[in-house]
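Here are my notes on the model, as numbered points. Please keep the coordinates open while reading.

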Amino acid sequence: MAKVKFYAVRKGRNNGVYNTWNDCKEQINGFSGAEYKSFTTIEEAKAYIDGESSVKIQEGKELVKAYVDGSYEHSIREYGSGVVIIKNEEVIKTYSKKGNDKDLVGMRNVAGEIEAAKIAMNYCIDNNINNLILYFDYEGIEKWCLGLWKTNKEGTTKYKKFYDNIKDKLNVEFVKVKAHSGNKYNDEADKLAKKAIGI
């Protein structure tokens with residue numbers, strides 16, 4: 001018997017929960033920046049529309065926060081990744097790394113952001129941390145992982161595959177912050193990303 005699915009449209013022509021993919025598709029096809037996802041319960045679908053995180057941080061388990069950002073320098077065709085890891089409101093680790101992976105470099109600063117997100121997630125796994133609140137300013141960091149955006153480039157496909165492989169070991173709550181808005185740790189991640197490639 002086929003699983004019942006509910007299609008939640010959070011950003012489309014008409015937001016709401018739909019019972020069929022065709023009804024959902026009418027709301028999102030050709031709609032710029034559409035946000036939608038399928039669920040097996042109507043409660044989850046409604047929570048998604050209300051903007052609630054689909055990941056619940058486990059109580060009593062170890063938790064860190066990470067701010068990530070990326071940068072790019074065309075003259076050297078390299079991207080930089082900046083990561084600030086915070087535990088108990090104190091910075092415990094920072095990363096400033098550069099890269100030039102041919103599958104990513106065409107994505108410019110987004111490549112740096114993807115790599116920064118992966119660094120933060122790997123840090124948690126390597127240190128047996130169960131919960132991560134990931135702060136980012138480019139929405140693809142969340143949307144590719146959760147299947148809300150299509151992964152139509154080699155770099156985004158690899159990123160989604162990476163996330164799918166670790167999501168059972170690590171609860172990630174994605175939080176979007178506004179870029180260059182004076183957020184202390186986001187600005188720090190930005191500086192670390194630039195420093196990695198000598199900007």
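1. Salt-bridge rule. A salt bridge here is a side-chain nitrogen of Lys or Arg within 4 Å of a carboxyl oxygen of Asp or Glu. Side chains of opposite charge can pair when their charged atoms come close. A search of the whole structure finds 11 salt bridges.

2. Basis. This is a predicted model, with local features needing pLDDT of at least 70 and side-chain atom pairs counted only at pLDDT 80 or more, while totals for chains, interfaces and linings use all residues. Residues are numbered from 1 along each chain as its sequence is written, and side-chain values use heavy atoms, with hydrogens and water left out.

3. E89 and K65. The side chains of E89 and K65 form a salt bridge, 3.1 Å from N to O. E89 sits in the loop between β5 and β6 (90-99), and K65 in strand β4 (residues 63-73), so the pair ties together parts 24 residues apart in sequence. Helices (H or I, at least four residues) and strands (E, at least two) are DSSP runs, numbered from the N terminus. How accessible is E89? E89 is exposed, at 57% relative accessibility. K65 is partly exposed, with a relative accessible area of 21%. The classes are buried under 20% relative accessible area, exposed over 50%, and partly exposed in between (1.4 Å probe, protein chains only).

4. Most residues other than glycine have a negative phi. N128 is another case: its phi is near 55 degrees, a positive value in a residue other than glycine. N128 lies in the loop between α3 (109-126) and β7 (131-136). N128 is exposed, with a relative accessible area of 63%.

5. Pair in helix α5. K160 and D164 meet in a salt bridge through their side chains (3.0 Å, N to O). Both lie in helix α5 (residues 154-166), 4 residues apart, about one turn of the helix. D164 is partly exposed, at 28% relative accessibility.

6. Pair in helix α6. Helix α6 (residues 184-196) holds both D190 and K194, 4 residues apart, about one turn of the helix. Their side chains form a salt bridge at 2.9 Å, N to O. Is D190 buried or exposed? D190 is buried, with a relative accessible area of 11%. K194 is partly exposed, at 27%.

7. A charged network. Salt bridges that share partners join R10, E35, E139 and K143 into one network. Within it, K143 pairs with E35, and the closest N and O atoms are 2.5 Å apart. I would check this distance in the viewer.

8. Domain layout. The protein chain is divided into domain 1 (6-50) and domain 2 (63-197). These bounds come from an automatic or database domain assignment. Taken over C-alpha atoms, the centres of the two domains are 27 Å apart. Domain 1 gives 6 residues to the contact and domain 2 gives 5, where contact means heavy atoms within 4.5 Å.

9. Buried area. About 440 Å² is buried between domain 1 and domain 2, and carbon and sulfur atoms give 46% of it. Buried area is the accessible area (1.4 Å probe) that two parts lose on being put together, summed over both. Which residues of domain 1 lose the most area to domain 2? They are E35, Y36 and K37, together 66% of what that side buries.

10. Interface pairs. The rule finds 1 salt bridge across the interface of domain 1 and domain 2. It also finds 1 residue pair in polar contact there, both at pLDDT 80 or more. A polar contact is a pair of N or O atoms within 3.5 Å; within protein, one must be able to donate a hydrogen and the other to accept it, and residues adjacent in sequence count only if both atoms are side-chain atoms. Strand β3 (residues 35-39) supplies the largest share of the domain 1 side that touches domain 2, 3 residues.

11. E78. E78 is in strand β5 (residues 78-87). E78 is buried, with a relative accessible area of 15%. Leaving aside neighbours within four places in sequence, E78 is in contact with Y72, E73, K98, G99, N100, V105 and I197.
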